[in-house]
Amino acid sequence: MHKTILTLFLLASFQTGFSQDAPSPYTILIHRADSLRSVKNWKMAERAYQQALVFDANSVKAINGLGELAQRRHDWQKTQVWFRKTLTLDPENRIAKTYFENNPDIISNLKRGDKSFKSGDLKSAERAYEKVLHYNSQSLPALRRLTEIAYQDEKWQKFKGRVQQVLEINAGDDLALRLLRNPKLERRLNQADSLVEARDLKEAKKLYEQALMMDHQSLRALNGLGKLYHRMLDWGKSKRWFKRALNIDPMNEETNYYINNGPNPNTIPILNEARSYHKQGQLDNAEKEYRRAIKIYPGTVQAFRGLGQIAFEHRDWDEVKNWYNKLLEVQPLEHEAMYALGVAYREDGKTNSLIFKKKLFANSRKRFDQLIAADSTYEDVLFQRGLLERWQGNWDGALAYGHRQLVLKPALATAHTGLWKLHRLMMMNSTEIEFTTWRQTHSGPWADYLLAEQLRRTGKIARADSLYDSIINYYPGFNSTLIYLARIRLNIQKGDEEEANRYFRLALKQSRSKTDVAFLFEDWKYLFKDTEYDFYQKLRRAQDQKAFFLGFWTARNPTPAASKNARAIEHYRRLVHAEQGYWFDGARSDANRANKAIELKFPTTYWLNDEFNDKGLIYIRHGEPDEIARTADTDVSNESWLYYRRQDRDKLIFHFVVDENLGVKNDWQLVPILPDKLSLLQDRTGWDPKMDRIALTRNRQESLNLQYQVIEESRQVILASMQSDFHTWDEQYSDLSLPYFISSFRGVGRRTAVEVYLGIPISELEDPTAVKTGKFEIEHGAGMYDVYWRPVASANETANVEPDDSSHVNRGFYLHRYEFKAEPGNYHFSLHARDDRLHKVAAWNFDLEVPDYAPGPLSVSDLILANEVRPGKAGPFAKKNLALVPNPSKTFGLSDPVFLYYEIYNLSRNDEGETSFDIEINIRQLRKKRSGLAKLLPGGSKRKKSVALKENRMGTSETSIEYAGVNVSNLEEGEYELTVTISDRISKRSSRSAIGVVLDGQ
């Protein structure tokens, strides 16, 4: 009622207005409140003061008035609140200061408390100090005394609370800080530690437990109990105490040390051996040793971690969950465990039923989110979280995580490749309408790149090419390697191999960062062997990874010295074909692979694939099969591929099935054998004798035995085939003959001169369907590479062959010589010739040992076979004042002498400075010509099978340049070995050199 009247009074006052000298509403309210308080109408006075605060929230008069009212009513909590507010506005306010500093109740109780405390009557003292807190809850003298009382009474919960109150008022309070160190606690912990050393574990346990009663967060006590049970080999209790310690301080070094080091010394050598096996990649042996350690000591955390890592490498998600969950039980914030479990639950959920999928994905999300909250910079956890969104069909969420990963760790290569994968997968899994809608709401380089890729894949080559140009021009920060790789595919689709090769070389040459190289890896990972992959993973610098790829492609290139990398072009041709026909980016697991978990094993590199079905992987590695068989009207769609035996590989057979009844399209999977239905086997008749016998036999046991043999063979073939790859030339290419031989001689210093002599038959360069021009253009080259396929020396040239050019054409062959210099050692060697006009190619890759002709023991160079050797410096093949006409075919007519050139090094001299040595030349038949025409030649069957020439020589130089012509007219046709043996009569040493020769009466 009074409040209503007061409000109406105020409103009326505002409506009628106040004169200039009239008091303000605030003044009227303060005056009224003071009057009401004087007549002890405290309730109405409080309301008036509250109304005054509406007009002035910082009115010291109103706040003090409210404080005095609360004091009169013995409401000490409100009294303190109001007077403290006064002091914040007016620190020297007399009324407020009097309450806190000169309050007779506070003073008398402090005196009473001090007197009782000094006399040892702690209970009375505590009561007195508690009364002080009624009047002033922040009375530092009272709180300090109460802290001391709680400490002496060992009321530890109350003690910690009082200490905290004191430090909140005065953070540097000496008494509180001294007591907080708790000497009593320290004494107990020191005693407990000593008892542990004295092996009195029972008494030590009591003291540690008492210490925890004093401070339940004492790390020393928690670690002490953990170590105590650690020593007692009670892993369960040890783990419990260490886990409590880690909850307080996850990075505590002592806790982590003991958790990661089992107390049983017998586990140490076992763990060391396990780690050694693990590092060497011997995972089966490592797993056995880790399990041995757990049998000895069940709490071996290092074994949990090691087994979890092995399971992760094997993609055994159940085991990953088992071991890493055990690790989390001990170390709840272990980042590696959370990361691995997030991946394991996601991968397991991908192929599970809807009910389990939801639960597994939820567990994956939980682990990933825990790790992101703890450390979002750990590995590529944001990208992995994005993959979870991808498998839940949330593409916007997946891309958002991908972008977050890139922003957070722009230097992380997998952040770039991960975002690229998510964008590409989104495009591939969107309908045309969905992708168009996405494009309309997104702009920037990624949106343009995806549009260009869609145009390329749908055959709109010109528009795609133009868009790639726009991306490079308008978005200079976008990764150029990604554009180069896309343009390789685009030019393969155009049929422009020259441009495709240019962009391939550009992608490799311009790659400088780890991100650049990571994009190369994504395109080339389908060809990796496990050994290559293991080696590649150990490389840390981008330049080393780039060098690895140079060797990677050189080793696979059938013509590494050529201007065009034929193997790389073929790889991209296969990739483009696989994109169109073998794309499958859905969930794949052992569970839906037709007994594959039991019957097939795959290398690690098999699981790098996330874009193609098994047919695609085989196609990318081995190319188009020679035969394909399919059988209709069966329960499961089937297909088999046959690759014929070649010089560089055995016959290969692969069987594929896809169960489209499951609703999964294009998930073609390798199986070791097709069902032994007669129709299936008949459609593959002649492919394999065992399969043919299965079709013919009526004996069940024999059929089962044969099937087992086929399965075993197929397992080996599939495992080996996923670790190998083979080049195939375009079917329009045919073989070109390329006879050659290599000879080596002493070079300058410690280097050796390596000479390659090749000959290309002129007859094979003639186009019978074209007008004869008398000239042919042909590319040829040779190269030397070290054991890692790094180039040592190479040469490649395009020659204009003129049949009438007597300097390079002899007896129907175009002749050429390459000369290289190299250190002695083992090398890879390559030689090729290619005629794109006639679509003919020749390619030789082999290992070469380069000898050392340095001063030392007697040695003979390799032999050069020639149609002619004569004195003179003329001609492209001259050597040491001798004109040569080499014969790379190594074939001679019986009527023609076999000329040879060689050099002798390190001949010994006598006291007069002279050399003396014997030369013996032998030609010995290795294989007789099968034709009976030899008997028709003059001499017939009376012809010889060998010839030997011997000559004694003297000189003055330790080096001798030699040549000879050997008459073979009395020999039979066939294959021979020509050997030159040098015997030094002074040093009594000998040396020999040999080469194969073919004698042909034709």
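Student: Which residue in E21 does Leu900 stand opposite?

Tutor: In this model, which is a predicted one, Leu900 stands opposite Ala964 in E21.

Student: And how many bridges are there between E18 and E21?

Tutor: Strand E21, which covers residues 960-966, pairs with E18 over 7 bridges, and the pairing is in the antiparallel sense.

Student: What about E14 and E15, how do they pair with E18?

Tutor: Strand E14 (residues 859-860) pairs with E18 in the antiparallel sense over 2 bridges, and there the bridge partner of Val860 is Ile904 in E18. E15 and E18 also run antiparallel, joined by 3 bridges, and Ala866 stands opposite Phe899 of E18.

Student: Is E18 mostly covered or exposed?

Tutor: E18 is mostly covered, with 8 of its 8 residues buried. One side carries Val898, Leu900, Tyr902 and Ile904, while the other carries Phe899, Tyr901, Glu903 and Tyr905, and both of these faces are covered.

Student: What is the phi of Lys880, and where is it?

Tutor: Lys880, also not a glycine, has a positive phi of about 50°, and its place is in the loop between strand E15 (864-871) and strand E16 (882-886).

Student: Switching topic: what is the strand order in the open sheet of 4 strands?

Tutor: The order is E6-E7-E11-E10, with antiparallel pairing. The edge strands are E6 (740-746) and E10 (809-810), each of which pairs on one side only. E6 is joined by 7 bridges to strand E7 (residues 752-761), running antiparallel, and Tyr757 in E7 is the bridge partner of Phe741.

Student: Where does Arg127 lie, and why does it count as exposed?

Tutor: Arg127 lies in helix H8, and it counts as exposed because its relative accessibility is 53%, where exposed means over 50%.

Notes: Residues are numbered from 1 along each chain as its sequence is written. This is a predicted model: local features need pLDDT of at least 70, side-chain atom pairs count only at pLDDT 80 or more; totals for chains, interfaces and linings use all residues. Side-chain values use heavy atoms; hydrogens and water are left out. Buried means under 20% relative accessible area, exposed over 50%, partly exposed in between (1.4 Å probe, protein chains only). Two strands pair if DSSP finds at least two bridges between them.
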